[in-house]
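I list what I looked up and what came back.

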Amino acid sequence: MGIRKWLGSIFNKQIKSVPDLRPSFSLYHHGGEIWISCLDNLGSDMQLIKEKVNNNEDLMRTANKQARVLYHLDGTDVIDETAEYIMESLRRTRHHIFKIAIVGVTRSGKNNFNKCLENETSRRSLGIKYFSSMDQAKDWLVSERF
């Protein structure tokens with residue numbers, strides 16, 4: 001192997017990303033409690049996404065109050081299947097949810113979420129809003145406005 005080929009093989013290697021396996025958690029922000037659902041950096045690993053969504057759903061059902069939920073999706077591919085699965089989970093737990101903020105979703109991911117909702121009224125009834133910043137999302141969740 002020549003030196004050029006060897007150097008080329010070193011610099012052209014793809015770096016594999018490791019999925020982020022942080023657990024979801026509750027956070028107090030400006031006097032309100034927010035449930036942070038960590039679905040970030042999962043790429044397109046649908047099995048891992050489903051596992052984390054199901055775990056979040058179970059934890060939300062055990063709470064005795066309505067939650068303000070922040071879905072953190074940076075680095076996760078929100079394809080049709082992913083969006084449908086998350087929306088189905090949100091519909092099942094809607095009685096346990098007050099408001100939902102979705103952070104880090106791309107334009108195509110947002111379109112996939114909106115396709116899953118029948119109409120604008122459905123989106124508002126779930127209290128969903130999209131954000132690019134975690135801080136803006138947290139501020140909106142603890143505010144009293146939709």
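Predicted model: local features only at pLDDT ≥ 70, side-chain atom pairs only at ≥ 80, totals over all residues.

Entry 1, cysteines. I looked up C38 and found it buried, because its relative accessibility is 1% and buried means under 20% relative accessible area, with exposed over 50% and partly exposed in between (1.4 Å probe, protein chains only). C116 also counts as buried, at 16% relative accessibility.

Residues are numbered from 1 along each chain as its sequence is written, and side-chain values use heavy atoms, with hydrogens and water left out.

I counted elements as DSSP runs numbered from the N terminus, helices being H or I of at least four residues and strands E of at least two. The protein chain has six helices and five strands. Along the sequence they follow the pattern α-β-β-α-β-α-β-α-α-β-α. Of the 146 residues in the chain, 43% are buried. For contacts I used heavy atoms within 4.5 Å. Among contacts in the chain with a separation of 6 or more, 74% are between residues 24 or more positions apart.

Which residues of α4 (residues 107-116) are buried? I found G109, N112, F113 and C116. Seen down the axis of α4, these buried residues fall within an arc of 100°, so they line one face of the helix. The arc is that of the directions from the helix axis to the C-beta atoms. The buried residues of α4 pack against α3 (80-92), β4 (97-103) and β5 (128-131). On the other side of α4, I noted R107 and K115 as exposed.

I placed S37 in strand β2. S37 is buried because its relative accessibility is 0%. Leaving out residues up to four places away in sequence, S37 touches S24, N56, L70, Y71 and H72.

I looked at H30, which is not a glycine and has a positive phi near 50°. H30 sits in the loop between β1 (25-29) and β2, and H30 is exposed, with a relative accessible area of 66%. N41, also not a glycine, has a positive phi of about 60°. N41 is in the loop between β2 and α2, and N41 is partly exposed at 36% relative accessibility.

Entry 7, largest pocket. On a 1 Å grid over the protein atoms alone, a pocket is an open set of points where a 1.4 Å probe fits, with protein on both sides within 12 Å along at least five of seven lines; lining residues have an atom within 4 Å of a point. The largest pocket has a volume of about 220 Å³, volume being the space filled by probe spheres set on the points, which are joined across faces, edges and corners. Its lining is S26, E33, I34, W35, L59, M60, A63, K65, Q66, A67 and R68. The elements giving two or more residues to this lining are β2 (32-38), α2 (46-62) and β3 (67-72). β2 gives the most, with three residues. By class I got six nonpolar, two polar and three charged residues, where Ala, Val, Leu, Ile, Met, Phe, Trp, Tyr, Cys and Pro count as nonpolar, Asp, Glu, Lys and Arg as charged, and the others, Gly among them, as polar.
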